[in-house]
Amino acid sequence: MGFLFDLLTLPVLGGPRLIQWLAMILDQEADQELLDEGRVQGQLLELQARYEAGGLGEEAYEVEESALLERLNAIREFKAERAGQR
């Protein structure tokens, strides 16, 4: 019955269902990108390499490092909270 209903209502509900599906996929991709610990860790490594190569001053390094570490901690806290809710 579900398949037949979906098939019969496709002309009317197909567009909204497609938009809903697309929004869900985009939300999942955004979450995956924003909550990627590996990406932030890679940025920390790049930052350290720039600092060691002399391309970045100590003060700028500390500011950027602090921001990246806060972001990493926020990601980990958010993942822990979400795991606790399930």
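Q: Why are H2 and H3 called roughly antiparallel to each other?
A: In this predicted model, helix H2 (residues 37-52) and helix H3 (residues 58-85) pack at an angle of about 170°. Angles over 145 degrees count as roughly antiparallel, so H2 and H3 get that label. Their axes lie 10 Å apart, and the crossing is left-handed.

Q: What makes the contact of H2 with H3, by class?
A: It has nine nonpolar, three polar and eight charged residues. Among those on the H2 side are Val40, Leu44, Leu47 and Arg50, while H3 brings residues including Tyr61, Leu68, Leu72 and Lys79.

Q: Which residues does Val40 touch, leaving out those up to four places away in sequence?
A: Val40 touches Leu68, Arg71, Leu72 and Ile75.

Q: What makes up the largest nonpolar core?
A: That core has nine residues: Leu35, Val40, Leu44, Leu47, Leu56, Tyr61, Leu68, Leu72 and Ile75. To belong, a residue has to be buried, with side-chain atoms within 4.5 Å joining the set, and buried means under 20% relative accessible area. H2 and H3 each supply at least two of the core residues, and the largest share, four residues, comes from H3.

Q: Why does Pro11 count as exposed?
A: Pro11 sits in helix H1 (residues 2-34). The cut-off for exposed is over 50%, and Pro11 has 70% relative accessibility, so Pro11 counts as exposed.

Q: How many residues apart in sequence are Pro11 and Glu70, and what is their C-alpha to C-alpha distance?
A: Pro11 and Glu70 are 59 residues apart in sequence, and 48 Å apart in space.

Technical notes
Residues numbered from 1 in each chain as written. Predicted model: local features only at pLDDT ≥ 70, side-chain atom pairs only at ≥ 80, totals over all residues. Heavy atoms only, no water. Axes fitted to C-alpha atoms, helices over the stretch in contact; angles between N-to-C directions. Parallel < 35°, antiparallel > 145°, perpendicular 65-115°, else oblique. Left-handed = near helix turned anticlockwise from the far one by under 90°. Contact = heavy atoms within 4.5 Å. Nonpolar A, V, L, I, M, F, W, Y, C, P; charged D, E, K, R; others polar. Buried < 20%, exposed > 50% of the residue type's maximum accessible area, 1.4 Å probe, protein only.
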